[in-house]
Amino acid sequence: MIRKLLQILLLTAYCLLPTAVWAAISTVDSSGGAYSSIKLQSNGKPAVAYFDHKTGELRYSYWTTNGTVNQWIRTVVEEKGVTGYVSLWLDSSNKPYISYYHNISKNNSTGTEISGKYGNHMVGALKYVYCSSTTCLTPEDWTKVTVAQIDSSTTANGYTGGFSSLAFDSSGNPRIAYYDYSHKIDANDIKKGALKLAYCDSNCSSSSSWTIRTIDTDGGRSASIVINSSNKVMLSYDADEVKTIRYAESSSPFSLWTKVDIVTITNPSTLSPSNL
């Protein structure tokens with residue numbers, strides 16, 4: 001999955017004709033954007049979450065019509081430290097939710113988080129943010145939650161929270177699949193990271209309300225998540241050091257996962273309904 005769009009304009013295009021002729025191309029943000037994630041509002045107009053690699057800002061833009069004027073409304077969600085892996089979700093009221101990877105500033109002596117400036121060192125974390133206001137125009141309008149972060153006292157380097165993919169179950173509870181680069185089975189583990197699921201069923205504005213489950217210790221980058229009508233979580237992702245595409249599924253409390261490798265069929269003509 002190619003997600004990096006560094007040093008280019010973030011564009012969105014939409015087609016209005018069945019003949020696949022591009023009817024409009026609109027510049028969302030002329031200052032650039034990367035790791036974009038798009039969803040449709042209830043009126044069918046697009047909304048986009050992305051980050052500016054030059055400033056480290058997480059941004060959210062949505063297309064709206066004010067009288068006869070069509071325009072993108074842009075807002076800064078997080079002001080610094082964002083480095084990508086953005087996933088956007090809109091509920092039925094167009095309320096935006098975003099998961100993303102964030103470098104949290106920490107004081108090197110106390111380990112406490114520093115807001116408003118860069119600290120002595122940075123800790124990679126999975127963040128979750130949502131906006132309850134009608135405008136969502138300033139960073140203060142957004143509620144930000146640290147869902148998971150590496151333990152800097154035991155992990156020399158690495159990150160957690162990459163390749164996030166966000167979805168909600170039928171009760172409106174968030175589930176986030178993500179890659180934890182810092183995860184090791186033991187001291188001899190030479191593989192890099194694990195696929196994990198963060199989920200919350202109530203009071204999701206508090207970090208302590210989130211539960212983390214390990215899905216696969218054989219890699220787990222580039223996860224994509226869907227949830228069916230029975231609230232079963234289903235994922236596809238890169239495993240075995242990105243050599244294999246794997247599928248996994250589980251239901252709450254997500255302690256047991258069924259996993260299968262997706263095998264490439266080199267000669268589809270040999271298939272028939274009897275051997276599928």
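1. In this predicted model, Arg 246 stands opposite Asp 261 in strand 18, where strands are DSSP runs of E of at least two residues, numbered from the N terminus. Residues are numbered from 1 along each chain as its sequence is written, and side-chain values use heavy atoms, with hydrogens and water left out. Because the model is predicted, local features need pLDDT of at least 70 and side-chain atom pairs count only at pLDDT 80 or more, while totals for chains, interfaces and linings use all residues.

2. Strand 17, residues 244-250, is joined to strand 18 by 4 bridges, and the two run antiparallel; for two strands to count as paired, DSSP must find at least two bridges between them. Both belong to an open sheet of 4 strands in the order 15-16-17-18, with antiparallel pairing. At the edges are strand 15 (221-227) and strand 18 (258-261), each of which pairs on one side only. From one strand to the next the twist averages 20°, taken between axes that are lines fitted to C-alpha atoms, with angles running from 0 to 180 degrees between N-to-C directions.

3. The side chain of Arg 246 also meets that of Asp 216 in a salt bridge, at 2.8 Å from N to O; the criterion is a side-chain nitrogen of Lys or Arg within 4 Å of a carboxyl oxygen of Asp or Glu. This pair links distant parts of the chain, with Arg 246 in strand 17 and Asp 216 in strand 14 (residues 211-216), 30 residues apart. Arg 246 counts as buried at 11% relative accessibility, and Asp 216 is buried too, with a relative accessible area of 4%. Here buried means under 20% relative accessible area, exposed over 50%, and partly exposed in between, with a 1.4 Å probe and protein chains only.

4. A salt bridge also connects Arg 246 with Asp 218, the closest N and O atoms being 3.4 Å apart. It again links distant parts of the chain, since Asp 218 lies in the loop between strand 14 and strand 15, 28 residues from Arg 246 in strand 17. Both Arg 246 and Asp 218 are buried.

5. Elsewhere, Asp 52 forms a salt bridge with Lys 54, with 3.6 Å between the closest N and O atoms. Asp 52 is buried, its relative accessible area being 1%, whereas Lys 54 is exposed at 53%. Over the whole structure, the search finds 11 salt bridges.
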